[in-house]
Amino acid sequence: MKTFFAILLIITGSLSSAQTAFVADPQAVPKQPTPTLAIGSKAPDFSLPAADGKYYSLKDFASAKVLVIIFTCTHCPTAQAYEDRIKAIVTDYRSKGVSVVAISPNSPISLLFEELGYTDLNDDYENMAIRAKDKGFNFPYLYDGDTEATSIKYGPVATPHAFVFDSQRILKYNGRLDGIEKPGQANAEDLRAAIDATLAGKEVATPTTKTFGCSVKWAWNTEYKAKNEKNWESRPVNLEELDTDGIKKLVSNDSDKLRLINVWATWCGPCILEYPDFLELQRMYGARDFEFVSLSADKTDKKDKALKFLQSKHSGVKNYIFKEDDTYKLIEALDPKWNGALPYTLLVEPGGKIIYSLQGSIESQKLKKLIVEHPKIGRYF
């Protein structure tokens, strides 16, 4: 994947063939204090790769009258809620000599699947590039997830967390952008006031504010991740039989959740290879209005083999196997538009409306985006 990403950067012109592509390598980091940089402190220098393939340091912003550094990330709902406000700050203040740079402080090592319920992307470097492109970021978006060395020096508490420096790179403000998370109801008033005061050579009226958002994912916070994996793997795995009427009821979806149904079989190679992707979707969105259901097309005399596979993948979800001998009844009951080839996947709204169907292997990233942008789910609180 990393090699492919490097090639992609070269092809798209984001990185010349003469340069060496950055390859992320998140490291274990010893636990240590992370005090927030105090007002009046000098900005610590950094050299970090951005989503555009370039490296940035303080000297790249030397001409800026004011430098705004915002620690944010890709997965957090609060961070996503402020993306457009950050873009507006860049647009409104660029002509006034203000530069804005964002840094993702999170280590992918400590991020849980269960923390990704409001996103289609995690905080990997590759995923940062996708989000920057999707949202049309007009500011550099830097990655500090390998060692978090820069983030440790600045001490952000949550994402997003803004730091405002004057022309001498002395910290004048650190804290929130504004006090209302929901998009459309605020315009980064606290951050704008701090920038305006700093541009005017005045002291910021409230130089420090509290921040609200997702906590920084420090690399040493892995204990809960191990417990979480153990809890997931300890879930019971069962395989229930369904007849034609049961299949019809499954698709009619009388629940209040989006229901993702994957039809697979132990003899289907692509089914076996992609199956963990479906469990990842359940772990990401399962705490919200979403559920993944697996449906085995194996014959019932192979039920033990199907169950053994599900157990090996820790498939602690609703697992079914079609109990009747006539496979064509399964096809017609599930979706008359399906011609019967495996794998087959459906996404069904409450009430039975099919909003996604695919014969063949899924494109996991596209499916995640479809799910999170559905009105039943969404990216914000």
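Strand S4, residues 98-104, pairs with S5 in the parallel sense over three bridges. Two strands count as paired here if DSSP finds at least two bridges between them. Strands are DSSP runs of E, at least two residues, and helices are runs of H or I, at least four residues, all numbered from the N terminus.

Before going on, the basis. This is a predicted model, where local features need pLDDT of at least 70 and side-chain atom pairs count only at pLDDT 80 or more, while totals for chains, interfaces and linings use all residues. Residues are numbered from 1 along each chain as its sequence is written, and side-chain values use heavy atoms, with hydrogens and water left out.

Back to the sheet. S4 and S5 belong to an open sheet of five strands, ordered S5-S4-S3-S7-S8, with mixed pairing. The edges are S5, 141-143, and S8, 171-175; each has a single partner strand, so one side of each is left without a neighbour in the sheet. From one strand to the next, the twist averages 20°. Helix H4, residues 125-135, lies across S4 and S5 and runs at about 175° to S5. Axes are lines fitted to C-alpha atoms, for helices over the stretch in contact, and angles run from 0 to 180 degrees between N-to-C directions. Contact means heavy atoms within 4.5 Å.

Next, helix H10, residues 303-312. Which of its residues are buried? They are Ala-306, Phe-309 and Leu-310. Buried means under 20% relative accessible area, exposed over 50%, and partly exposed in between, with a 1.4 Å probe and protein chains only. Down the axis of H10, the buried residues fall within an arc of 100°, so they line one face of the helix. That arc is taken over the directions from the helix axis to the C-beta atoms. The face turned away from the buried side carries exposed Asp-304, Lys-305 and Lys-308. The cover over the buried residues includes strands S11, S12 and S13 and helix H9. After H10 comes His-314, with a positive phi near 55°.

Then Gly-352, in the loop between strands S14 and S15. Gly-352 has 24% relative accessibility and counts as partly exposed. Beyond its neighbours within four places in sequence, Gly-352 contacts Val-251, Ser-252 and Asn-253. Its C-alpha is 5.1 Å from that of Asn-253, 99 residues apart along the chain.

Finally, the whole chain. It has twelve helices and 15 strands, and buried residues make up 53% of its 381 residues.
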